[in-house]
Amino acid sequence: MALSNVFETPAAGFNFDNAARNAALEGLFDGQTPKPLKTGTTIAGLVFKDGVVLGADTRATSSEVVADKMCAKIHYIAPNIYCCGAGTAADTEKTTDLLSSNLTIFSLNSGRNPRVVMAVNILQDTLYRYHGQIGASLILGGVDCTGNHLYTVGPYGSVNKMPYLAMGSGDLAALGILEDGYKPDLELDKAKELVRVAIHAGIMSDLGSGNNIDICVITRPGVDYIRPYQVSEYKDKRKTKYKYGPGTTPVLTEKVVPVKLEVVEETVQRMDTA
Amino acid sequence: MLEETGPEWLSEEVKTGTTIIAIEFDGGVVLGSDSRVSAGASVVNRVMNKLSPLHDRIYCALSGSAADAQTIAEVVNYQLDVHSIEIDEEPQVRSAATLVRNISYKYKEEMSAHLIVAGWDRRDGGQVFATLSGLLTRQPFALGGSGSSYVYGFVDAEFRRGMSKEECQQFVVDTLSLAMNRDGSSGGVAYIVSIDEHGTEEKVVLGNDLPTFFDQ
């Protein structure tokens with residue numbers, strides 16, 4: 001049942017190899033297992049007249065602390081397919097990387113760009129096999145010979161195909177904007193603006209989303225990855241520079257101890273550089 | 001203060017929280033479903049078509065966990081394709097239902113999805129099969145999903161054998177509308193699929209076109 005071009009054919013059925021490892025690790029941590037880094041995100045996408053627009057915020061949180069202010073949540077899958085990821089940062093990163101590698105192999109084998117539906121099928125297959133253990137909620141968008149497509153794949157492997165989507169912790173806010181403003185066959189500028197406003201709503205209404213907005217426009221002629229599309233108006237102004245010039249720390253004493261090395265054995269291997 | 005685990009619908013499994021129905025008439029079947037997919041209290045998809053084709057004249061209706069149901073439908077679709085090539089004719093509805101039942105029974109503990117299989121074949125005409133928990137039973141009609149509980153009374157009282165295709169379609173739409181009004185996890189639009197020997201017809205009944213009852 002697996003695609004013949006995928007690098008490694010996965011075994012049929014469920015693979016719970018890591019479940020036993022996780023259970024063993026849980027015992028060691030005495031119940032306080034380390035929480036994975038969640039992106040606490042707002043991601044959105046919509047299909048417009050000439051292609052697909054994807055948008056994302058750039059904040060990655062580790063509980064209440066912002067771990068990364070300029071996190072890239074729109075991942076490259078293929079020249080004509082990009083994927084926004086919400087959920088556990090490591091899972092979205094690795095899953096999209098793996099998908100991208102497999103599709104590159106497919107492209108090299110067949111000489112054509114992959115179709116969006118193929119990417120979706122591989123993703124769904126992978127995520128379903130792991131029964132929700134991979135915490136990745138993905139919005140996949142792309143343009144191929146059959147048209148402009150936008151899909152979402154949930155962590156348990158459910159797939160939804162819709163003209164506009166939002167995922168992540170800020171999805172309800174973004175979806176409100178999209179529901180109100182979406183029309184079929186929008187022009188490029190209106191589409192970008194709608195996605196920007198949707199992500200902005202997520203940033204304003206959700207604590208886990210924030211900082212800048214990235215936009216990725218995918219059309220037949222090519223891809224326009226605008227990072228950042230909009231910079232946060234709440235940037236902090238640093239009062240001083242944190243670089244310490246030489247001489248900041250006074251040197252009180254200096255002691256030099258030479259390390260004596262003696263040659264024990266010397267071998268010469270000739271390299272054939274003909 | 002941001003919750004450690006985040007809102008529950010982020011990590012909760014997406015369920016279809018559905019109303020699905022399939023009824024048999026002389027010469028075919030009519031399947032119907034609502035279109036709401038929920039994750040906790042949040043509606044993830046308000047226009048999902050839960051009637052999935054297994055073959056040209058065999059459809060299944062999905063309920064329970066969205067991922068499990070979708071995957072079973074895809075796997076059985078593939079298996080039926082292979083089977084119909086092997087026997088060199090259209091597969092029987094009973095075969096499709098058996099394939100679904102085999103998966104549902106084998107993975108009974110791990111999965112939570114209930115599929116109703118219905119279709120038309122040359123041998124036995126229109127047939128509806130229920131495959132809940134891995135059983136296989138042919139019934140004149142089958143209901144499923146969280147919304148079905150609210151309409152069992154209506155269906156038990158109003159179902160008659162020997163209805164025409166149009167009467168069946170109206171009956172299905174009425175049932176779905178009643179269930180969607182009472183069940184919080186069902187809603188959106190109604191998808192209807194009618195299958196008979198001449199082919200398959202898919203229809204959507206939008207929200208404002210659904211039949212209304214005394215309180216609307």
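Biologist: Which residues of H5(B) are buried?

Modeller: This is a predicted model. A residue counts as buried when its relative accessible area is under 20%. In helix H5 of chain B, which spans residues 165-182, the buried residues are B:Lys165, B:Cys168, B:Gln169, B:Phe171, B:Val172, B:Val173, B:Asp174, B:Thr175, B:Leu176, B:Ser177, B:Ala179 and B:Met180.

Biologist: Against which elements do the buried residues of H5(B) pack?

Modeller: Helix H5 of chain B has 18 residues and reaches 26 Å from its first C-alpha to its last. The partners of its buried residues, in chain B, are strand S1 (20-25), strand S2 (28-33), helix H4 (152-158), strand S11 (190-196) and strand S12 (199-205).

Biologist: Which strands stand at the edges of the open sheet in chain B?

Modeller: The sheet holds 5 strands with antiparallel pairing, in the order S10-S1-S2-S11-S12 of chain B. An edge strand has a single partner strand, so one of its sides is left without a neighbour in the sheet. In chain B the strands in that position are S10 (141-144) and S12.

Biologist: Is A:Thr41 buried or exposed?

Modeller: The unreviewed UniProt entry annotates A:Thr41 as "active site". A:Thr41 lies in the loop between helix H1 (17-28) and strand S1 (43-48) of chain A. Its relative accessible area is 1%, and the cut-off for burial is under 20%. A:Thr41 is therefore buried.

Biologist: Which side chain is joined to that of A:Thr41 by a polar contact of 3.2 Å?

Modeller: Beyond four places in sequence, A:Thr41 is in contact with several residues, including A:Asp57, A:Lys73, A:Gly85 and A:Ser169. The side chain joined to that of A:Thr41 by the 3.2 Å polar contact belongs to A:Lys73.

Biologist: Which residue of S10(A) is the bridge partner of A:Ile43?

Modeller: In chain A, 5 strands form an open antiparallel sheet in the order S10-S1-S2-S11-S12. S1(A) and S10(A) pair in the antiparallel sense over 4 bridges. In S10(A), the bridge partner of A:Ile43 is A:Met167.

Conventions. Residues are numbered from 1 along each chain as its sequence is written. Chains are lettered from A and ligands numbered from 1 in the order in which they are written. This is a predicted model: local features need pLDDT of at least 70, side-chain atom pairs count only at pLDDT 80 or more; totals for chains, interfaces and linings use all residues. Side-chain values use heavy atoms; hydrogens and water are left out. Helices (H or I, at least four residues) and strands (E, at least two) are DSSP runs, numbered from the N terminus. The expected span of a helix is 1.5 Å times one less than its number of residues. Buried means under 20% relative accessible area, exposed over 50%, partly exposed in between (1.4 Å probe, protein chains only). Contact means heavy atoms within 4.5 Å. Two strands pair if DSSP finds at least two bridges between them. UniProt positions are given in the numbering used here, feature names are shortened, and annotations may be inferred rather than shown by experiment. A polar contact is a pair of N or O atoms within 3.5 Å; within protein, one must be able to donate a hydrogen and the other to accept it, and residues adjacent in sequence count only if both atoms are side-chain atoms.
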